[in-house]
Amino acid sequence: MRVLSLDVGDRRIGLALSDPTHTLAQALEVLTRTTAKKDLEALKKIAVDHDVGEIVVGLPKDLSGAMGKRGQSVADFAAEIERVTGLPVVLWDERFSTNEANRIFEMHQVNSKKRKPFIDMMAAQIILQGYLDGKKNQ
């Protein structure tokens with residue numbers, strides 16, 4: 001079974017998927033958000049199609065580590081994902097994942113217009129790789 005990672009935004013959800021050995025994270029796609037019900041059904045289908053056994057959701061926290069209004073909204077959505085999919089959902093600190101994704105694109109000299117469609121996928125991949133590495137080190 002694989003691990004699916006989500007970088008949840010207001011307009012898009014970046015998705016990344018682990019390999020079966022839970023060693024490598026790979027960007028998968030970007031889901032454009034519509035309604036909560038349709039978003040949840042799409043995520044459930046993706047989980048089934050890719051043999052997902054666990055979902056990691058990036059939890060936005062303040063620099064101090066506190067969970068603000070946005071973090072609570074994502075945590076509530078994660079609870080709904082768990083309810084709809086029946087899969088365990090883990091919240092993972094995602095501070096700086098988007099910044100890191102932008103840095104990677106800048107290193108490869110990809111301009112901001114070209115990177116915009118991929119930034120959420122890259123952030124989900126960074127979140128997932130951090131989670132996988134953290135699990136291996138336990």
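R83 and E80 sit three residues apart in helix α2 (residues 69-85), which puts about one helical turn between them. Helices here are DSSP runs of H or I with at least four residues, strands are E runs of at least two, and both are numbered from the N terminus. This is a predicted model, so local features need pLDDT of at least 70 and side-chain atom pairs count only at pLDDT 80 or more, while totals for chains, interfaces and linings use all residues. Residues are numbered from 1 along each chain as its sequence is written, and side-chain values use heavy atoms, with hydrogens and water left out.

**Overall layout**

- The protein has five helices and five strands, and along the sequence they run β-β-β-α-β-α-β-α-α-α.
- Of the 138 residues, 40% are buried (buried is under 20% relative accessible area, exposed is over 50%, and partly exposed falls in between, with a 1.4 Å probe and protein chains only).
- Take the contacts (heavy atoms within 4.5 Å) between residues at least 6 apart in sequence: 62% of them join residues at least 24 apart.

**Salt bridges**

- A search of the whole structure turns up six salt bridges, each being a side-chain nitrogen of Lys or Arg within 4 Å of a carboxyl oxygen of Asp or Glu.
- One of them is D120 with R12, where the closest N and O atoms are 2.7 Å apart. D120 is in helix α5 and R12 in strand β2, so this pair ties together parts 108 residues apart in sequence. D120 is buried at 11% relative accessibility, whereas R12 is partly exposed at 26%.
- K135 also forms one, with E54, at 3.4 Å between the closest N and O atoms. Here K135 belongs to helix α5 and E54 to strand β4, so the link spans 81 residues of sequence. E54 is buried at 13%, while K135 is partly exposed at 39%.
- R83 is exposed at 56% relative accessibility, and E80 is partly exposed at 31%. In general, residues three or four places apart in an α-helix point the same way, because there are 3.6 residues a turn.

**Helix α5**

- Helix α5 covers residues 119-136, 18 residues in total, and stretches 26 Å from first C-alpha to last, close to the 26 Å expected at 1.5 Å a residue (the expected span is 1.5 Å times one less than the number of residues).
- Its buried residues are I119, D120, M121, M122, A123, A124, I127, L128, Y131 and L132.

- Strands β2 (residues 12-18) and β3 (residues 25-32) pair antiparallel over seven bridges; pairing requires DSSP to find at least two bridges between the strands. L17 stands opposite Q26 in β3.
- Six residues separate the two strands of the hairpin, and H22 takes a positive phi near 60°. H22 is partly exposed, with a relative accessible area of 25%.
- D51 is another non-glycine residue with a positive phi, near 55°. D51 sits in the loop between α1 (36-49) and β4 (52-59) and is partly exposed at 43%.
- For context, most residues other than glycine have a negative phi.
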